[in-house]
Amino acid sequence: MAKATAKTRQTDVVIVGGGLAGLTAGIGLQREGLDVVVLEKDKRLGGRAQSWTDETTGDPVHIGPHIFLTEYPNMFKLLDLLGTRGDIVWEDEHFIVLADGSERLVQEQYPLPAPFHFAPTMMADPRARTRDKLSNLAVTLYAMQMDERDVMRLDGMNAYAFLRRMGVTKAYIDQFWSFACMAIMNVPIEVCSAGALMRFFQKFIGYDTFSFGFPDGGLGDLFAPAAKQEIERAGGEVRLRTEVSRLRVEGERVVGVELADGTTIEAKHTVAAVPPQVLRNLGPRQWMGEYEWYRELVHFHPCPYVSVFLWFDEKITDLRMWARTHSPDDLNCDFYDLSNIHTGWRERPSVICSNIIYCHRTDGMTDEEIVRHTVAEIAETHPAASMDHLEHYVVNRIPMAIHCPYPGTEKRRPVTDPGVEGLVLAGDFVRTELPSSMESAVCSGWMAAEKILEQRGHKKQLHVEHRDLDGLTGLISRTAKLFPTKGAQRIIHGMRRTLDETPLLTRPADPVNK
Ligand SMILES: Cc1cc2nc3c(=O)[nH]c(=O)nc-3n(C[C@H](O)[C@H](O)[C@H](O)COP(=O)(O)OP(=O)(O)OC[C@H]3O[C@@H](n4cnc5c(N)ncnc54)[C@H](O)[C@@H]3O)c2cc1C
């Protein structure tokens with residue numbers, strides 16, 4: 001077991017990064033009796049899902065508002081272990097409210113089998129013509145039968161070109177798909193991988209109960225303190241303010257890490273649970289020549305966010321959450337009133353937070369300008385919001401929320417075991433067949449722990465498979481797997497041939513300036 005000397009600590013597993021992925025891997029391994037050391041360079045745990053206490057108000061502030069989906073089984077497994085799953089507040093009044101100018105469009109789900117649960121809302125939407133709505137039939141059918149191989153086939157194409165190719169009208173792309181792409185995939189549709197977008201769309205039309213949840217308090221408080229306690233309870237260590245400067249490599253094998261203070265930690269297994277931009281500087285230079293996955297890390301581009309928190313002196317809205325329909329000139333996408341979310345805050349004035357996604361358009365804006373613009377956007381649907389009623393604000397500028405799912409990125413996501421002895425990868429960007437998110441981060445953490453157990457001769461599944469799709473979507477996707485060339489599949493195969501003839505449309509050279 002663990003031994004310590006002045007300059008070197010020895011352990012079974014060293015984990016670089018105390019975000020969701022690293023902490024999950026740590027919990028998975030310490031529960032199997034391994035000695036674990038987690039190293040986090042920041043002063044607090046949680047990484048891109050961290051939160052802290054605002055000094056002026058004493059209220060919890062997240063790095064930025066986050067939503068949970070009902071289909072986050074890996075995250076729920078973690079929260080169940082930590083005893084905090086009940087600290088999620090679910091949106092149970094409607095699916096989502098869209099703000100279109102001064103109008104509120106309430107989007108509902110109906111008790112119909114997937115994919116028909118959204119059909120009544122879609123067909124009743126006054127903003128689109130029936131012809132535009134019906135132009136989605138082919139792409140919906142395609143999504144229902146697709147599998148992970150299709151995701152990879154479509155990965156090189158941009159989502160706009162794919163949808164047009166599948167017959168979706170420009171009007172419907174502008175009205176629905178551009179918004180969905182920015183809100184969910186976090187990049188403009190013209191530079192989004194068609195495979196990544198379609199994978200999400202399949203889930204969206206595949207589960208007939210799909211809801212959003214929000215943390216009932218600080219986001220990091222849901223997992224960070226309890227995860228630290230859980231790892232330490234079993235004799236493991238969680239160190240804050242401890243930066244790893246490089247992986248220690250002997251011959252072909254990773255044997256631990258070197259810290260920024262010059263000390264080392266020797267480990268039988270090393271889990272790199274840091275974002276790709278960090279990872280690509282931790283390995284030795286020769287890996288660039290030796291490992292394709294390592295070279296490819298340069299293609300993971302950060303999607304920056306600005307998150308805004310506004311404390312008003314009166315109640316502005318009765319909504320928990322709403323989103324603006326997409327316009328390229330907007331700043332914010334999604335808004336949350338924490339006074340309507342957190343238990344015991346109902347009587348408080350509004351505390352509204354919002355996300356500015358893919359926020360290059362805020363470059364050069366001061367915090368005050370961002371706040372004024374945000375208040376004006378809120379006031380379009382909630383006229384009570386004004387600068388006169390604003391008591392306090394916080395603006396968080398976040399260099400990366402997730403990596404941009406540009407065309408070609410899905411294929412580049414590295415696998416848990418990258419083929420370097422002693423090294424296992426975790427993090428939201430690692431290949432999990434999930435979009436980069438809290439769920440993919442946690443799933444990758446379970447998978448990293450599984451891999452290490454397997455390497456030690458102990459096979460055990462820790463990650464949770466996502467359940468089968470519901471309703472007609474489920475039936476079609478299961479049938480497509482069983483009879484990939486039969487019946488209705490021929491129609492789809494016809495579409496696939498059309499797609500094969502589509503020239504590979506990759507992202508423009510500099511998508512940031514789009
Ligand atoms: C504003 C915002 C909104 C988001 N919204 C959502 C949402 O609604 N739903 C959703 O599911 N996801 C959302 N996400 C994404 C989600 O937060 C991330 O996918 C997830 O938290 C990533 O976890 P991770 O462990 O893979 O990486 P990280 O959280 O980045 O963890 C990596 C850790 O490694 C540490 N580290 C880096 N370098 C070193 C080093 N050299 N030595 C030691 N430690 C190091 C970092 O400090 C960090 O703590 C959002 C993210 C942001 C920022």
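Arg246 counts as partly exposed, because its relative accessibility is 39%; this class lies between buried (under 20% relative accessible area) and exposed (over 50%), as computed with a 1.4 Å probe on protein chains only. The structure is a predicted model in which local features need pLDDT of at least 70 and side-chain atom pairs count only at pLDDT 80 or more, while totals for chains, interfaces and linings use all residues. Residues are numbered from 1 along each chain as its sequence is written, and side-chain values use heavy atoms, with hydrogens and water left out.

**Salt bridges**

The side chain of Arg246 meets that of Glu258 in a salt bridge, at 3.0 Å from N to O. Arg246 belongs to strand β12 (residues 244-250) and Glu258 to strand β13, so the pair ties together parts that are twelve residues apart in sequence. Helices (H or I, at least four residues) and strands (E, at least two) are DSSP runs, numbered from the N terminus. A salt bridge is a side-chain nitrogen of Lys or Arg within 4 Å of a carboxyl oxygen of Asp or Glu; a search of the whole structure finds 36 of them. Three of these pairs are listed below.

| Salt bridge | N to O distance |
|---|---|
| Arg246 and Glu258 | 3.0 Å |
| Arg397 and Asp367 | 2.7 Å |
| Asp80 and Arg85 | 3.1 Å |

Arg397 forms its salt bridge with Asp367. Since Arg397 lies in strand β19 (residues 390-403) and Asp367 in helix α14 (residues 367-381), the pair ties together parts that are 30 residues apart in sequence. Arg397 is partly exposed at 42% relative accessibility, and Asp367 is partly exposed with a relative accessible area of 29%.

In the pair of Asp80 and Arg85, Asp80 is partly exposed at 45% relative accessibility and Arg85 is partly exposed at 37%. Salt bridges also link Arg9, Asp35, Glu237 and Arg239 in a network.

**Thr263 and its surroundings**

Thr263 is buried, because its relative accessible area is 17%. Its side chain makes a polar contact of 2.6 Å with that of Asp261. Such a contact is a pair of N or O atoms within 3.5 Å; within protein, one must be able to donate a hydrogen and the other to accept it, and residues adjacent in sequence count only if both atoms are side-chain atoms.
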